[in-house]
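Work through the exercises below with the sequence and the model open side by side, and try each task before reading its solution.

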Amino acid sequence: MKEKTLLVTGFEPFGGKDINMSWEAAAALPEEIGAYRLVKRKLPTVFRKAGALAIGAIEEIKPDAVICLGEAGGQSAVTPELVALNLRFGRIPDNEGQAPRDEVISEGGENALFSTLPARKMAEAIAAAGKPGELSLSAGLFVCNDVMYQVLEHLKGSEVPMDFIHVPADGEMTAEEIAAALTVAIESIG
């Protein structure tokens, strides 16, 4: 059986923090999970640029699936996302000082794009394994949503499925606990 490649991305710290749990969790993942060999990339927390770099990594690596990770403060579960909206809104500035207000991501693009990996199945698998996991209906409007929308639009019509998963911010779960939940989610997609 051909080994499959899974691209996993996480973000650099933002908002004056020293770490971003999405990257800490990505780094804590093993090199292989099930049938997948993982390739990990760190993205800048910058509107437009992060999505472009994720797409560049997809073009370079040619993965069989993509999971992008981001952190969500005040959240205590690992949450696969169902929907990305065609909208940018920075309630705080990104790492280059940008705080767009109700800006369209893709002119002429669909209002929303749905995950092409089984988000609900992944969330249920995490919960069934006794770990904190639940489905999230929207990736928000910050850089996480920007990346999810750009990548889903780029992959549209391809056979490469993608989802975005939010993880708790620092202090809610350890990187190892998050990585264990993510491992269950990845195992569930086959």
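**Exercise 1. Find which residues lie nearest the centre of the largest pocket, and describe its lining.**

Step 1. A pocket is defined on a 1 Å grid over the protein atoms alone, as an open set of points where a 1.4 Å probe fits, with protein on both sides within 12 Å along at least five of seven lines, and lining residues have an atom within 4 Å of a point. In this predicted model, local features need pLDDT of at least 70 and side-chain atom pairs count only at pLDDT 80 or more, whereas totals for chains, interfaces and linings use all residues. Residues are numbered from 1 along each chain as its sequence is written, and side-chain values use heavy atoms, with hydrogens and water left out.

Step 2. The lining of the largest pocket comprises 23 residues, and those nearest its centre are Phe14, Glu71, Ala72, Arg91 and Phe142. The elements giving two or more residues to this lining are S4 and H4.

Step 3. By residue class, the lining holds 10 nonpolar, 9 polar and 4 charged residues.

**Exercise 2. Determine how Phe14 and Phe142 are arranged, and which parts of the chain they tie together.**

Step 1. Rings of Phe, Tyr and Trp (its six-membered ring) pair if their centres lie within 6.5 Å, and planes under 30 degrees apart count as stacked, over 60 as edge-to-face and the rest as tilted. The structure holds 3 such aromatic pairs.

Step 2. Phe11 and Phe164 form a tilted pair, 6.5 Å centre to centre with 40° between the planes, and both residues are buried (under 20% relative accessible area, with a 1.4 Å probe and protein chains only).

Step 3. Phe14 and Phe142 also form a tilted pair, 5.7 Å centre to centre with 40° between the planes. Phe14 lies in the loop between S1 and H1 and Phe142 in the loop between helix H3 (119–128) and H4, so this pair ties together parts that are 128 residues apart in sequence.

Step 4. Phe14 counts as buried at 16% relative accessibility, and ring pairs link Phe14, Phe47 and Phe142 into a cluster.

Technical notes
Helices (H or I, at least four residues) and strands (E, at least two) are DSSP runs, numbered from the N terminus. Ala, Val, Leu, Ile, Met, Phe, Trp, Tyr, Cys and Pro count as nonpolar, Asp, Glu, Lys and Arg as charged, and the others, Gly among them, as polar. Buried means under 20% relative accessible area, exposed over 50%, partly exposed in between (1.4 Å probe, protein chains only).
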